[in-house]
Amino acid sequence: MLIGQLARRTGTSERLLRYYERVGLLASRRLANGYRDYDDAAEQRVRQIRALLAAGLPTTLIRQVLPCGLADGSLRPCPGVLDKLRAQLAHLDRRAEELAQARLTLRRAIDATERTV
């Protein structure tokens, strides 16, 4: 399928699809006219990429995780991948705590300001 069709099927912009290809997450073959041609599995792959991005994974980690993906969206255990996913979860946990602290600080500043008005 051509890039426009893949974009419509997945709700992803053509620009993002080109980016996914540039960073090694997605592959296509080139037709004689230079157009990208994606196989039928590309649709599921794009959906997996989008889900992993939504889970907070960087593209460098997604590139390592994708070969471990199964059709149902789960992952089979690949060497080293589980450790990297755990490390990413720990990073997200730390970031969530930082955001919670920032939110609390902002809430306190708002409350203090409202009391003086």
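The side chains of Thr10 and Thr12 are joined by a polar contact of 3.2 Å, a polar contact being a pair of N or O atoms within 3.5 Å in which, within protein, one atom must be able to donate a hydrogen and the other to accept it, and in which residues adjacent in sequence count only if both atoms are side-chain atoms. The structure is a predicted model, in which local features need pLDDT of at least 70 and side-chain atom pairs count only at pLDDT 80 or more, while totals for chains, interfaces and linings use all residues. Residues are numbered from 1 along each chain as its sequence is written, and side-chain values use heavy atoms, with hydrogens and water left out.

Thr10 is found in helix H1; helices (H or I, at least four residues) and strands (E, at least two) are DSSP runs, numbered from the N terminus. Thr10 is buried, its relative accessible area being 11%. Here buried means under 20% relative accessible area, exposed over 50% and partly exposed in between, with a 1.4 Å probe and protein chains only. When neighbours within four places in sequence are left aside, Thr10 is in contact (heavy atoms within 4.5 Å) with Glu43, Val46 and Arg47. Gln5 also has its place in helix H1 and counts as partly exposed, at 30% relative accessibility. The C-alpha atoms of Gln5 and Tyr38 are separated by 9.5 Å, the two residues being 33 residues apart along the chain.

Two helix pairs were examined. Two packed helices are described by the angle between their axes and the distance between the axes. Axes are lines fitted to C-alpha atoms, for helices over the stretch in contact, and angles run from 0 to 180 degrees between N-to-C directions. The axes of H1 (residues 3-10) and H2 cross at roughly 105 degrees and come within 9 Å. H1 is therefore roughly perpendicular to H2, where angles under 35 degrees count as roughly parallel, over 145 as roughly antiparallel, 65 to 115 as roughly perpendicular and the rest as oblique. Ile3, Gly4, Leu6 and Ala7 of H1 make this contact with Glu14, Leu17 and Arg18 of H2. The residues involved divide into 4 nonpolar, 1 polar and 2 charged; Ala, Val, Leu, Ile, Met, Phe, Trp, Tyr, Cys and Pro count as nonpolar, Asp, Glu, Lys and Arg as charged, and the others, Gly among them, as polar.

H2 also packs with H3 (residues 41-54), at an angle of about 90 degrees and with the axes 12 Å apart. This makes H2 roughly perpendicular to H3. Leu16, Leu17 and Tyr20 of H2 meet Val46, Ile49, Arg50 and Leu53 of H3, a set of 6 nonpolar, no polar and 1 charged residues. Glu21 lies in H2 (residues 14-22), and its side chain forms a polar contact of 2.8 Å with that of Ser28. Not counting residues up to four places away in sequence, Glu21 touches Leu26, Ser28, Arg36 and Tyr38.

The count of disulfides comes to 1, a disulfide being a pair of cysteine sulfur atoms within 2.5 Å. The sulfur atoms of Cys68 and Cys78 are 2.0 Å apart, and the torsion about their S-S bond is about -135 degrees, so the disulfide is left-handed. Cys68 and Cys78 both lie in the loop between H4 (59-65) and H5 (81-116), so the pair ties together parts that are 10 residues apart in sequence. Cys68 is buried at 2% relative accessible area, and Cys78 is buried at 15%. Pro77, placed in the loop between H4 and H5, is exposed with a relative accessible area of 80%.
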